[in-house]
Amino acid sequence: MINKIKRLFILIRSNFAKNKSRLLVFLFITLICSTLISLGAELKIGFKSFIESKFVKYDSSDIIMIAHGVSDGYSSGKIGKNKLKRKLLSDDVTESVDSIEYIESVAEYEDFGAWEERAISIVDINELRALGHDRFEIVESCDDEIPEGDGIYLPAYMKYTGHNVGEDFEFTLKERGNDPKETDYSYKIAGFYEMPLFDSPAIDIVTMLIVPDEIYKEIKDDIGSDHGRYSSVFYITLKEKNTDTELLTTRFNKMFSDNGISSGSCSRDNYVMICTFYPSFTSVFFLVVAVIAALIMMIMTGFRISTEIEENLAEYGSLKGGGMKSTEIRASIILTFIIITLAAAVPGIIAGWLITPGVSDIFAFHSGQIWKPEFDLYLSLTILLLLLASVIIISVVTTIRIAVISPLSAIREGIAAHNFRRNPFPLDKTKGGLNYLLALKLYSINMKQNLLLIISCILIGLIGSVATVYGYNLAASPSDLIRCIAPGSPDMSFTMKKEGGNDSPIKRYLESLDNVHCVEFQLHRLECSDYEVYARSFDDIDNARLSLLNEGRFPKHANEVAINVIFADALRVGVGDTIELKKDKKSMEYIVTGIYQDSIVDKCIYITQRGMDRLGDFDGLRSQNNVYIDYESLGIEMYSPEMFKLSGELEDDLRSRFGDKIDISDCMASAEQEMKVEIVAFKTIAILIMAILGTLSAAIIVLIAKTVMISRRRYFGILSAGGFPSKMLRKQLALSFIPNVIIGTILGAVPGTIFGADVVARLLRYVGVAKLNMRTCWWMPVADVIFFSLICFAAAYIISSKLKKLSVYELVSE
Amino acid sequence: MSEEVILKTTNLSKSFSSGGTIQHILKNLNIEIYKGEFLVIMGSSGAGKSTLLYSVSGMDKPSLGEVVCCGEDITKYNMDKLADFRSRHCGFVFQQINLVGSMSLMDNVLTLGLLGKKSRQEIVKRAEALFEKVDIPAITRAKFPNQVSGGEAQRSAIVRALINDPDILFADEPTGALNAANTQAVLDIFTEFNREGQTVVMVTHDIKSARRGDRIIYLDDGKIAGECRLGRYMSGDQARHDRLGAFLAEMGW
C-alpha cells in the first residue's frame, strides 16, 4: 500500500514537472471562475442577509409612517399626533408604535461637489434615544474631540458623497413660499450613523440629520412657529413579521389621507428590495459570467487531460507494459487536477469574499449600506465541493481512454505520425501571403484546439454581446438609461401656483410654438384590491407621449385602463382582465387594455378623463401639465446635447414669461440627476464584465497556444531552421487562432445582441421593467469580434515569445 | 573546387551547461571551408560533429570564437538575424529528414522557397526542376511525407534545402535512416550537385558516405585530430578509397 502511494506520488510529481506552465494557466482560469462564483454568491445571498439582519440588530420597526405638518401641539389635518398614534395602535396587526417630532425643511447643501437643494429632516438625538430601543448606531465617529453641541451625525452613505468626519457640514435651510427666508448653518460632522429605513437615499424619505439637543433647539428657535416645518415619524412594529407590509402601508396612508394629513411611508420589504436591487442585479451578471467561466473551465479540464494523455501515450503504454495498473495512472491524473482545483479554488473563493466589499461599495451610496461581509463557511464549502465534483467527473470520463487502450497500442500510437489526407491551401496554387497561408494551414490541423476555442468563444461572445448591449444602452449616460426604461418621460411639467390662476394662457402659448405640445392630466390616489394606486387621467390621452408600452394598448374608452408592470405583477392580472378601482366610497370596474412600465416602486395606471369621471366629480383638482417637444420632426436626436439645450431654452422662456404663476419641474434634468449614481454602477458592471471576459479569453488562448507550441515544436523548429524569423512564427501562431475566435464570437455575439435586450429586461423585471427600449446595432457583434480577436491575437503573440528561446538545434535533432 | 574561402572559424568553441556541469564540446577549432568543395566531417560518437555543423551554419550560437560565413561574422547575430542568414545562405538536410508531416512534399519545399524575394512562379518552377532532378514525379510531390518512401522523403528534403540556391548545403548524417539503395541515391544527388558547384558540408560516420568528400576532417574530443584531402570523387577509384581507409585507421576509427 505504501509503495502504491509512493508510486502515485511520483506520477503526480512528474505530471506537474512536465506541464508546469500550462497547468499554471489552467490554475489561473480556475481561480477566476471560483472568484466570480464566490463574489456573485456573496452579493446575491450575503448582502440580502446583511440587510435583513440589520432589522434584528437594531430592533428596527417594520414600517415607518411620516405625517407631514403634524407635531406636538399642531396638526395640518383633522387629528393630531396622539390620536394618529392611537389609530395606528388600534390596528390588529400593530404591536407597538413610537413617535417623535422632527424638523422638516428644504435645504441646500453640497453633495458630490455640487450644491443641491433637497428635502431634509433634523432629529434630536435625545428624542431618538428616549424611544428606548437601539434604533441606530454611530458607525464612525470623529477621533478629535468635538465640543458638545457642535457636532452632527449624517447617514453613512454620505461618506461616499464627499463628506468626512471632523469636517464642516454647511447647509442652508429654506422656508417655503414666495419669498423664502434662508438661514445658513455650519456644524462639524461628529460621525455617521446607520439606521434601517432611514439611511438609504434610494428610499423616498428625506435625508435625516441627527443633531444634539442644543443644535435642535437652536434651529427650532430660528424656525419659530412655522408649524408646516414640523412633522412626526411613527415607528410601527408588527405582531407578525410576515405581514404584508405593502398592503398595510396602503391602509395607513389612506387613513392619514382620510384625516387630511399628507403622508409618506417605508416598509421593511420595500427597504430590503431597494437596498438589494443593485447588488442583486450585479450578482446575477457575475454569476452568469461565473457559470460561463465554469463551463470553460470544464472544457479546459477535458482538453488538458486529453492532450496530456495524447502527449504521453507511449509513456503510459510502457508503464502499463511494465505492470502498472491503469487505475493508478488515471488516479495520478485525476489527483493532479484535484490538487490544482483546490490550489486555485480556495484562494479564489477567499479572493471573492475579500473583493465583495469593494464591489458592494460601488452601490454603497445607493443602498446606504456599509457592508463588511463575514466569511460564510457553508457557502464557500458548497462552491468548493461543486467545483471539485465537476473536475472529478470530467477527469474520470476523459481518462477512460487509458483504461481501455492496450500497452502495445499505446506505445505505437504514441510514436506514430499523424495521418494527414487533406492538404488545404496548397502553396503552389493558393494566392496570398506566405505567413497567412501557413497560419491557415496550422489552423486546419489543430482540430481539437479549434473545437475547444470555438465553444469557448461562443460562450464568451454570447455574454460579451449582452454586456455590450447593456453597457451601450444603460451605462453610456443617464439619458440612455431614461431612454431605455422610461422613454415616454416629458421634457418638463408644470403646475399652477395657488395664486397663478388659470392655466389656459400658458397652454395656449405652448401650443402656439412649433413642435411643442402640452398634455394636461390630473393625479389621483385610488384604491384597488387594498393597494394604493396613482392614477393619471388625461383629457387627450392620444396625444400624450406615454411610457413604454409592453403589452396591449393605452386606454381609449371610459371603461378602460392601462396599468404598470409593478401593479400587474402585484394583482396578477394581464391584458383583458378586469379590475375594480375605488375612490372614496365609489367603485367601478375597468378593463385592462395595456401594461406599461415606469415607476419601479409605485403602482400606477393611465385612465381617460371620462374614465375618471365615472368615479366622481374632480373639478377643482389641480391639474398638472406635461410639456413635450417633438424632437423627431426637428431632426434632433433624443437625449443629445442639442435636445437638452432646446429643452433648457424652453424652460427659461416659460420661467421668464410665467414664472410668477407656475412651478416648473425639469423632468429630464431631474431624472438625469437622480440616475447619476446608477450610471456609475451600470458602467462599472459593464466594464468589469468585459474585463473578466477579456482576461478569460486571453487565458484560454495562452493555454491553447502553449499546447500548440509544445505539440508542434518540431514544426516550428523546422521552419526556424529554414530561416523563418521568430516574429513570423509568432505571428503565424497568433493568426492561426483568429478564424476560430471570429467564428465562435460571431456565433455567440449575434444571438446575444438580438436577445440581449430581453435578457437584461428579465434581470430588471422585479423592478417593473418588462421590456427595454434598447438599441441594437449591426456593429455590436462586429465590435465584440474585433475586441476579442485583438485580445486573443495579443495574448497568443505575447506568449509565443517563448519561440524565440527555442533552440533550433535541439528541436531538429530531437 | 576553388581556393576561395567561403567559411572560416577562428578559435571556435562550444560548451553546454547541464545541471551545474559544463561540457566543452568544441575546443578552439580553426577551420576553412572552400567554395565548391565537398567537406566531410567524421569522428567517433560524441566527438562534436553535429555540434560543429550547427555552430558554423548559424543553427546554434558558439560559446566562443568567430565564424565568418559568406563575408558575415555570424557570431554576433541574434536568433532572428541568424534565421535570416540561414534563409539566404544555408540549406539543411537532416538524418531524421524533418519534413512537416501535415504538408505535401511540394508545400514543404515552397514553405522555405517563398521566404525569399523571388516570385511564386519562379520558385514553383525551380522546385519542379529540382524535383525532376532528384527523380520525384509530380504525382508524388502532392503526397504527404508519411505516404512516400524514406528515400523519396529524403530526396524531397534535399530539394527543400536547395530551393533558395544556398551557398552551402549542410547535411547531418543524411543517409543514417535510409537503406542501402536510398543511401546510394542520396549520395549520388549530393555528388551531382557538388559537381555543379554546390558547396557541401556533410557529417557522417559511414565510410561509404565519407568517400564522396573531397576533404575529410576528423574530430576527436572537440578538436581536429586530422585532415585528409582526397580530391574529386570518382566511382571505382580504389586508391582513393584506400587512402581514406588508411587515414581513418590512423585516426583510430
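Helices here are DSSP runs of H or I at least four residues long, numbered from the N terminus. Keep that in mind for helix α21 of chain A, where Lys645(A) and Glu649(A) sit four residues apart and so are separated by about one helical turn. What you're looking at is a predicted model. Chain A and chain B touch each other, burying about 2900 Å² between them, and the structure holds 30 salt bridges over all chains. Here's a quick tour.

**Where the two chains meet**

- The size of an interface is often given as the accessible area lost when the parts come together.
- For chain B and chain A that figure is about 2900 Å², with 60% of it on carbon and sulfur atoms.
- On the residue side, chain A puts 38 residues into the contact and chain B puts in 35.
- Between the two chains there are 11 residue pairs in polar contact, counting pairs with both residues at pLDDT 80 or more.
- Looking at chain B's side of the contact, the elements that give two or more residues are α1 (49-56), α2 (79-89), α3 (105-113) and α4 (120-133).
- Of these, α2(B) gives the most, with six residues.
- One salt bridge turns up across this interface: Asp107(B) pairs with Lys441(A), and their closest N and O atoms are 2.6 Å apart.

**A salt bridge along one helix of chain A**

- Back to the pair from the opening: Lys645(A) and Glu649(A) form a salt bridge, with 3.3 Å between the closest N and O atoms.
- Both residues belong to helix α21 of chain A, which covers residues 641-658.
- Lys645(A) is exposed, because its relative accessible area of 56% is over the 50% cut-off.
- Glu649(A) comes in at 42% relative accessibility, so this residue counts as partly exposed.

**Salt bridges within chain B**

- Glu196(B) and Lys133(B) meet through their side chains in a salt bridge, at 2.5 Å from N to O.
- Glu196(B) lies in the loop between α7 (180-195) and β9 (199-203), while Lys133(B) is in helix α4, so the pair ties together parts of chain B that are 63 residues apart in sequence.
- Both ends are partly exposed: Glu196(B) has a relative accessible area of 47%, and Lys133(B) has 35%.
- Another pair is Arg212(B) with Asp188(B), whose side chains meet at 2.9 Å, N to O.
- This one also links distant parts of the chain, 24 residues apart: Arg212(B) is in the loop between α8 (207-210) and β10 (215-220), and Asp188(B) is in helix α7.
- Arg212(B) is buried at 4% relative accessibility, whereas Asp188(B) is partly exposed at 36%.
- Chain B has a network too, where salt bridges that share partners join Glu37(B), Arg215(B), Glu227(B) and Arg229(B).

**A nonpolar patch on chain A**

- Now for the surface of chain A, where eight names make up a nonpolar patch of about 690 Å²: Leu342(A), Val346(A), Ile350(A), Leu354(A), Phe375(A), Leu377(A), Leu381(A) and Leu385(A).
- Two elements of chain A each give two or more residues to the patch, namely α9 (326-362) and α11 (377-398).
- Helix α9(A) gives the most, with four residues.
- Take Leu381(A), one of the patch residues: its place is in helix α11 of chain A.
- What is the relative accessible area of Leu381(A)? The value is 40%, so Leu381(A) counts as partly exposed.

Definitions and conventions:
Residues numbered from 1 in each chain as written. Chains lettered and ligands numbered in written order. Predicted model: local features only at pLDDT ≥ 70, side-chain atom pairs only at ≥ 80, totals over all residues. Heavy atoms only, no water. Patch = residues over 30% accessible without salt bridge, like charges linked within 9 Å, V, L, I, M, F, W, Y side chains within 5 Å. Areas by Shrake-Rupley, 256 points an atom, 1.4 Å probe, with all protein chains shown as cover. Salt bridge = Lys/Arg side-chain N within 4 Å of Asp/Glu carboxyl O. Buried < 20%, exposed > 50% of the residue type's maximum accessible area, 1.4 Å probe, protein only. Contact = heavy atoms within 4.5 Å. Buried area = accessible area lost by both parts, 1.4 Å probe. Polar contact = N/O pair within 3.5 Å; in protein donor to acceptor, adjacent residues only side chain to side chain.
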